[in-house]
Amino acid sequence: MASFEIFDAPPEVAAAQVRLRAEIAAQPFWLAGAKLALLAAKDGFNPAQPRVPAGCTGGGQWCPAGGGGGTAKLPQTKRPKRTGTRHEPPKILHPIGPVGDFPETGKNDWRRWNDDVFTNAANEFNAANEFSPSDPRYVSPGFMKTWAMVESGSSADRKVFLTDPFQVNNPQDWVPAKVTIAGLTGPHQPMTPAISATAALKWLLYKGTKQGTYMGRYMALRDYNGSKIKSYYAAEVMFRTIINFGVHG
Amino acid sequence: MFVFSIFSVAVIASQPSWPASVGTTKIWHALRAGHFTGVLDHDVKLRLVGTISVGKTRYALAYYGWEQTEREAIGYPHATHRLLVFEKTDKGLSYLGSYDINDPPLGVKNNRVIFDYPADGGNTVTFDEKGPPPTLSLDGQYHEFGK
């Protein structure tokens, strides 16, 4: 019974408890990393090889070897007729660079169209919160782009990437707190990449902060996703960021 | 933590299973009628957590979990979890609102919904005469009550 009462520990003890819990909770991250490394070491296996998109025949399966990076021949499915406004390529002032396995040349050029949006969102977020590059809450354009690629960067998800690349306002997983915390207006709000990036950063910071202490990006990403495989999601975003943009990416 | 876990099991064991008067069908109807903003589809899991009586007001608490299948997902599957709060009246259930939560609750004890978190960051939702708290802390995270 008493174990449910608020434990009035001295601040230094409480802070140590928070740190210890964060370290324990981060264990799956390192396990996931080790698993990824083992998979990568297997002969002929590339964990980044793209998969057949959801909704297609064989969805979720690996694409044929050599067919990586969105250029793979996917199973023939009848695509719906294109409707609505076509997205015209914007002029990119601050190119971030490609995230490996997600090519952005030729017909995959759309993957760089949000580069300026990601850069601006990251800069505004850091400035508004006074986060310096040494702060664990600081976000870089490279992290933003990697995160968006993991969320919606596959070739079948182009439309999502150009509207809500962070899937922060997926009507299916809407919760009312996104109004006050992420600044969204509702589950059916028309989304743009700029709105998505700004809201996603606020929601990520909220998810990663407990008892006023930031638990780290890995924990923030886990709770941002919330699914059974949230540890793998967080690990993939973090590993891809490090691989493509370095530890400070 | 060991003591906590033993107690947690005891809390669950002490809770009745679904009261005969509250079924998932009634919960679905109440959510639809109560302008619930989440999705009600085949990916939803609903589970009654328990009931709480405060004065003459009776509340029913349910866990709502929605998780995409990998086939339906864009990129990784997404998921969301809520603690649903209903008022139980003679006419049935009335949906009052919910809290966005990260994990399912363990159960209900007296007027509190209990979660498997350390106490220092908050592990209960306590109902009083004012009803569900408008804000609360669970595992050190701030949560709001909303539709």
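Two strands count as paired if DSSP finds at least two bridges between them. In this predicted model, three bridges join strand E5 of chain B to strand E6 (residues 112–114) of chain B. E5(B) and E6(B) run antiparallel. Gly107(B) has Ile114(B) in E6(B) as its bridge partner.

The sheet is open and holds three strands of chain B, in the order E5-E6-E7. Their pairing is antiparallel. Strand E5 (107–109) and strand E7 (124–126) of chain B are the edges, each pairing on one side only. On average, neighbouring strands of this sheet are turned by 25 degrees against each other, direction ignored.

## Where chain B meets chain A

Contact between the chains involves 36 residues of chain B and 36 residues of chain A.

## Confidence

The model scores ipTM 0.75 and pTM 0.72. Chain B has a mean pLDDT of 84, and 84% of its residues reach 70 or more.

Which element of chain B has the lowest mean pLDDT, and which the highest? H1(B) has the lowest, at 41. E6(B) has the highest, at 97. Over residues 1–21 of chain B, pLDDT stays under 50. For that stretch, the model has 17 contacts beyond four places in sequence.

Methods. Residues numbered from 1 in each chain as written. Chains lettered and ligands numbered in written order. Predicted model: local features only at pLDDT ≥ 70, side-chain atom pairs only at ≥ 80, totals over all residues. Contact = placed C-beta atoms within 7 Å. Helix = DSSP H or I, 4+ residues; strand = E, 2+ residues; numbered from the N terminus. Axes fitted to C-alpha atoms, helices over the stretch in contact; angles between N-to-C directions. pLDDT = per-residue confidence, 0-100.
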